[in-house]
Amino acid sequence: MPGNEKFCRICGHPLTAREVPGEGMIPYCAQCQQPRFPMFNVAMSAIVYDPSGTKVALIQQYGSGAYRLVAGYTNIGEDIEDTLRREIKEEIGLDVTDYRFNRSRYYEPTNTLMMNFACKVNAKDLSHINEEIDSIQWFTPQEAEQTLTRSVSESRLAREFVLHWFKNNGYVWKA
């Protein structure tokens with residue numbers, strides 16, 4: 001059966017697979033008489049540009065040593081754009097002044113739809129990181145691309161997002 005759900009999230013009744021026209025086999029609750037479409041997490045990641053639009057911030061966290069993008073999960077009731085602004089403020093202490101959607105990818109290891117943005121922030125000061133961040137550094141976009149290419153597999157999605165953004169938008173932030 002598609003998804004990880006074994007029981008109805010409303011009534012707790014065991015789910016069975018049922019054909020839903022146009023959707024395929026979907027978990028179904030016989031008690032509620034409703035399909036229970038598989039659920040997943042939603043998160044964002046960001047290619048963070050400095051105010052000049054010429055440097056990109058990469059972070060290290062959780063003791064891994066691998067560089068990655070600032071990222072975070074969307075809270076219930078929160079728009080993805082609000083998640084972007086909140087996570088940038090919480091994790092690196094800066095305000096987003098402009099942003100653009102880059103692309104999305106489903107990330108199976110965490111059952112997450114990752115929505116990626118490129119954004120510009122209000123300052124270069126990286127001294128206000130929170131406890132989730134081990135370190136943060138500004139890189140030229142070319143250095144960021146090379147750093148993520150050399151980084152371990154856990155940065156694969158970050159690398160994909162960065163390469164896609166640079167290919168379609170160039171290295172420097174364009175107003």
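1. Tyr49, Trp165 and Trp173 come together as one aromatic cluster. Rings of Phe, Tyr and Trp (for Trp, its six-membered ring) are taken as a pair if their centres lie within 6.5 Å; planes under 30 degrees apart make the pair stacked, over 60 edge-to-face, and the rest tilted. By this rule there are 6 aromatic pairs.

2. A word on the ground rules. This is a predicted model, where local features need pLDDT of at least 70 and side-chain atom pairs count only at pLDDT 80 or more, while totals for chains, interfaces and linings use all residues. Residues are numbered from 1 along each chain as its sequence is written, and side-chain values use heavy atoms, with hydrogens and water left out.

3. Trp173, one of the cluster members, also has a charged neighbour: the charged end of Arg100 sits over its ring, 4.2 Å from the centre. The call requires NZ of Lys or CZ of Arg within 6 Å of the ring centre and within 35 degrees of the ring normal. Arg18 does likewise with Tyr28, lying over the ring face at 3.8 Å from the centre.

4. Now back to the pairs, 6 of them by the ring rule. Phe101 and Phe117 are edge-to-face, because their ring centres are 5.6 Å apart and their planes stand at 80°. This pair links distant parts of the chain, with Phe101 in strand S8 (residues 96-107) and Phe117 in strand S9 (residues 112-121), 16 residues apart. Strands here are DSSP runs of E, at least two residues, numbered from the N terminus.

5. The cut-offs are under 20% relative accessible area for buried, over 50% for exposed, and partly exposed in between (1.4 Å probe, protein chains only).

6. Phe166 and Tyr171 pair up as well: their centres are 4.9 Å apart and their planes are at 55°, so this one is tilted. Phe166 is buried, with a relative accessible area of 7%, and Tyr171 is partly exposed at 31%.

7. Two backbone spots deserve a look. Most residues other than glycine have a negative phi. Gln33 has a positive phi, near 55°; its place is the loop between strand S2 (24-29) and strand S3 (34-35), and it is exposed at 56% relative accessibility. Tyr62 also has a positive phi, about 60°, without being a glycine. Tyr62 lies in the loop between strand S5 (56-61) and strand S6 (67-68) and is exposed at 59%.

Technical notes. Helix = DSSP H or I, 4+ residues; strand = E, 2+ residues; numbered from the N terminus.
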